[in-house]
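Hi,

Here is the structure I promised to pass on.

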Amino acid sequence: MTIQWFPGHMAKARRQVSESLKLVDIIFELVDARLPISSRNPMIDEVIHQKPRLLILNKQDMADEHQTRRWIQYFNERGHKAVAINSLEGKGLQAVTKAAQEILEEKWARMRARGMKPRAIRAMIVGIPNVGKSTLINRLAKKNLAKTGNMPGVTKAQQWIKVGKEIELLDTPGILWPKFEDQEVGYKLALTGAIKDSIMNMEDLAVYGLQFLSLRYQNRMQERYGIEAIDADLVVTFDHIGKLRRVFGQGGEIDYDQVALLIVRDIRNQNLGKLTFDFVEEQIEKEQLQETEQ
């Protein structure tokens with residue numbers, strides 16, 4: 001599966017981010033705590049260069065807590081300050097301000113040494129669609145300033161938002177990259193709702209979801225669907241889940257489209273518990289492989 005999805009407003013957003021860098025002190029890069037690597041846009045590195053950055057793992061309430069702790073440690077060990085939050089409930093927001101102040105402490109010290117009074121931190125918030133940028137902004141500002149929605153691409157233009165006396169935020173539209181070379185990244189993003197369902201084959205997505213569960217969360221799949229592994233004949237597995245959950249069409253036969261939709265919704269709605277789709281050990285293995293190939 002090669003997903004290509006690069007609407008015109010996303011190309012424009014990339015230009016806006018690049019042009020606005022000189023206006024800000026720090027980048028707030030918002031990612032999904034369930035996929036801290038897959039939800040990072042590699043184009044962001046190209047655009048923001050050496051600008052100070054805070055990595056914010058949002059939706060921590062939906063992610064595997066053990067894996068989130070491992071990811072925070074992973075990023076910190078590589079010199080990337082990272083914090084985990086739940087913007088929907090406003091949990092962990094103080095850590096964002098504190099971490100930003102720590103990252104910029106040297107710059108603020110230089111300003112004080114020159115007799116300048118430190119001003120509010122100017123931050124640009126970036127991230128892919130549906131990662132929760134607008135919800136985070138509204139929580140930080142304690143006002144409903146940014147449009148929110150559970151569909152990708154809600155934010156379409158930049159806007160400055162004051163967050164108390166400490167921070168001024170520059171919001172940006174969500175930016176996806178032109179295509180996903182790693183098809184697994186595309187599946188992970190689609191499973192968490194970052195890609196519009198209308199461009200996806202839901203049966204393929206459901207099968208990928210089941211394969212992932214059988215590999216990483218077999219006990220959850222057993223509890224939910226009464227199966228430990230996917231049958232070589234996928235129809236058998238879909239029949240089993242369809243009968244278990246009574247997903248029948250008009251003629252009393254299994255409705256496979258609806259079974260696929262049920263599986264995807266179960267994953268998204270945490271009916272299989274808190275899930276993380278990116279694992280630290282897999283990322284380290286990829287990095288080691290890339291080093292040996294160089």
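Let me start with Ile263, which touches Ala206, Leu210, Tyr225, Phe238 and Ile241, leaving aside residues up to four places away in sequence. Bear in mind that this is a predicted model. Ile263 sits in helix H11, residues 256–268. Its relative accessibility is 0%, and buried means under 20%, so Ile263 counts as buried.

Next, the helix pair H7 (residues 183–191) and H8 (residues 202–216). Their axes come within 10 Å and cross at roughly 95°. Angles of 65 to 115 degrees count as roughly perpendicular, so that is how H7 and H8 lie to each other. On the H7 side, the residues involved are Glu184, Tyr187, Lys188, Ala190 and Leu191, and they meet Asp204, Leu205, Tyr208 and Gly209 of H8. By type, the residues of this contact are five nonpolar, three charged and one polar.

Both helices also turn up in the largest pocket: H7 and H8, along with H2 (42–48), H3 (65–77) and H12 (280–293), each supply at least two residues of its lining. H12 gives the most, with seven residues. The volume of this pocket is about 910 Å³. Its lining has 36 residues, and those nearest the centre are Ile37, Asp182, Val185, Gln283 and Lys286. The lining divides into 16 charged, 14 nonpolar and six polar residues.

Cheers

Terms used. Residues are numbered from 1 along each chain as its sequence is written. This is a predicted model: local features need pLDDT of at least 70, side-chain atom pairs count only at pLDDT 80 or more; totals for chains, interfaces and linings use all residues. Side-chain values use heavy atoms; hydrogens and water are left out. Axes are lines fitted to C-alpha atoms, for helices over the stretch in contact, and angles run from 0 to 180 degrees between N-to-C directions. Helices (H or I, at least four residues) and strands (E, at least two) are DSSP runs, numbered from the N terminus. Angles under 35 degrees count as roughly parallel, over 145 as roughly antiparallel, 65 to 115 as roughly perpendicular and the rest as oblique. Contact means heavy atoms within 4.5 Å. Ala, Val, Leu, Ile, Met, Phe, Trp, Tyr, Cys and Pro count as nonpolar, Asp, Glu, Lys and Arg as charged, and the others, Gly among them, as polar. On a 1 Å grid over the protein atoms alone, a cavity is a set of points where a 1.4 Å probe fits but cannot get out, and a pocket is an open set with protein on both sides within 12 Å along at least five of seven lines; lining residues have an atom within 4 Å of a point. Grid points are joined across faces, edges and corners, and a volume is the space filled by probe spheres set on the points. Buried means under 20% relative accessible area, exposed over 50%, partly exposed in between (1.4 Å probe, protein chains only).
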